[in-house]
Amino acid sequence: MDFNLSKEQELLRDGLSKFLASRYDLESSRATAKSGTGWQPEIWAGFANELGILGAALPEDVGGIGGGPVEVMVIAEALGHALVVEPYVDTAVVAGGLLHRAGGELASALLERIVDGTAIVALAATEEASGHNWAEVATSAERDGNEWVLRGSKIVVASAPLATHLLITARTTNGISLFAVDLGSVGSALEAHHYRTVDDRRASDLTFDGMRLPNNALLGEEGQAWPSLEQARDEGAAAVCSEAVGCMRKVLADTVEYAKQRQQFGQPIGRFQALQHRMVDMYMELEQAVSAVYLAVLNVDAEPDVRARAVSAAKATVGRAARFIGQQSVQLHGGMGMTEELAIGHYFKRLTALQFEFGTTDYHVTRYAELTKV
């Protein structure tokens with residue numbers, strides 16, 4: 001099996017890496033993340049207009065490039081390496097995939113705006129009682145004439161404070177449905193509590209108290225959204241696994257470099273065999289994670305059970321690697337490993353958060369076991 005990137009994919013990777021190296025300064029991004037809006041709109045515009053990465057995996061008929069899971073992997077890994085907080089996975093991967101599969105005039109219009117960078121779309125699927133199970137939906141949507149009335153709440157809606165639109169899951173008379181909401185038109189019917197997460201991202205808890213939506217806010221067939229949501233969750237999981245690989249590559253490289261420079265007993269600590277063994281273990285965990293991500297990426301478009309097994313195997317493997325590499329890197333840096341001034345601490349927080357996105361490590365171990373029962 002050929003794991004080499006095509007020339008076009010190499011150009012995509014190299015162009016994005018150069019852009020981030022010259023334009024995405026970690027100190028500035030952390031300062032922005034901790035204050036103000038929490039992101040850099042000019043960077044997002046650059047992603048759309050200069051690099052075209054927001055449409056790299058979206059169809060050509062909405063202005064995209066028509067790529068697929070490999071392009072998402074390349075982009076997400078580069079963003080993870082630079083610790084980018086802008087919501088690429090939430091908008092271009094998860095929401096983009098849901099809109100593409102839903103089809104219709106509204107979905108196409110939103111996809112076009114995602115590609116040109118004028119819309120940020122976040123999925124609101126998690127509820128307090130549902131945990132990691134998006135299929136447990138208590139939020140309801142009822143018809144009232146030519147409108148839909150939504151009642152319920154969602155928690156930890158990633159990127160919602162930055163979003164122009166939401167995709168909301170709600171239970172209708174015959175199943176789970178998906179609705180598109182323009183946040184500029186909902187008024188007081190939507191109550192939002194915004195906050196900053198431990199890894200300097202933004203999220204919200206949302207409450208809908210009789211929020212009215214037009215009839216065309218329904219995406220796809222009524223009550224038939226679950227298969228697409230299940231696929232979107234696996235696509236999101238595969239993408240954040242790729243992001244984690246980028247983070248881990250950076251953390252390992254910084255740790256090895258630090259071990260070459262830090263002096264103890266008159267010599268670099270990297271010469272001590274016990275610490276060399278630790279860094280070799282970190283490298284082995286990283287390589288296993290990379291292989292697991294390849295497996296997931298190559299099966300994202302496979303049949304649902306095959307896709308689910310591959311994605312859960314990757315998420316469980318990456319979760320274990322992220323925990324080990326993050327913890328070892330902090331320990332090898334000593335007390336300064338968790339300071340605000342050092343990049344390692346910020347990467348450690350992101351690697352910790354990634355273990356919980358789109359299902360925890362334990363959840364995916366359990367799902368994989370259930371899917372492989374004889």
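These notebook entries record what I looked up on helix packing and aromatic rings in a predicted model.

**Basis.** I number residues from 1 along each chain as its sequence is written, and side-chain values use heavy atoms, without hydrogens and water. As the model is predicted, local features need pLDDT of at least 70 and side-chain atom pairs count only at pLDDT 80 or more, while totals for chains, interfaces and linings use all residues.

**Helices 7 and 8.** I took helices (H or I, at least four residues) as DSSP runs, numbered from the N terminus. Axes are lines fitted to C-alpha atoms, for helices over the stretch in contact, with angles from 0 to 180 degrees between N-to-C directions. Helix 7 (residues 226–261) and helix 8 (residues 273–298) have axes that come within 10 Å and cross at roughly 160°. That makes the two helices roughly antiparallel (angles over 145 degrees; under 35 degrees count as roughly parallel, 65 to 115 as roughly perpendicular and the rest as oblique). The crossing of helix 7 with helix 8 is left-handed (the near helix is turned anticlockwise from the far one by less than a right angle; clockwise is right-handed). For contact (heavy atoms within 4.5 Å), I noted residues including Cys241, Met248 and Leu252 of helix 7 and Met282, Tyr283 and Leu286 of helix 8. By class, I recorded 16 nonpolar, two polar and one charged residues in this contact. Ala, Val, Leu, Ile, Met, Phe, Trp, Tyr, Cys and Pro count as nonpolar, Asp, Glu, Lys and Arg as charged, and the others, Gly among them, as polar.

**Helices 5 and 7.** The axes of helix 5 (residues 88–102) and helix 7 come within 9 Å and cross at roughly 155°. Helix 5 and helix 7 are therefore roughly antiparallel, and their crossing is right-handed. Among the residues that meet here are Val93, Gly97 and Arg101 of helix 5 and Ala232, Glu235 and Gly236 of helix 7. I recorded eight nonpolar, four polar and three charged residues in this contact.

**Helices 1 and 4.** Helix 1 (residues 7–23) and helix 4 (residues 69–81) have axes that come within 10 Å and cross at roughly 20°. These two helices are therefore roughly parallel, with a right-handed crossing. Their contact includes Leu12, Arg13 and Leu16 of helix 1 and Glu71, Val74 and Ile75 of helix 4. The classes are eight nonpolar, two polar and two charged residues.

**Rings.** I looked up Arg233 and found that it lies over the face of Trp134, at 5.4 Å from the ring centre (CZ of Arg, or NZ of Lys, within 6 Å of the ring centre and within 35 degrees of the ring normal).
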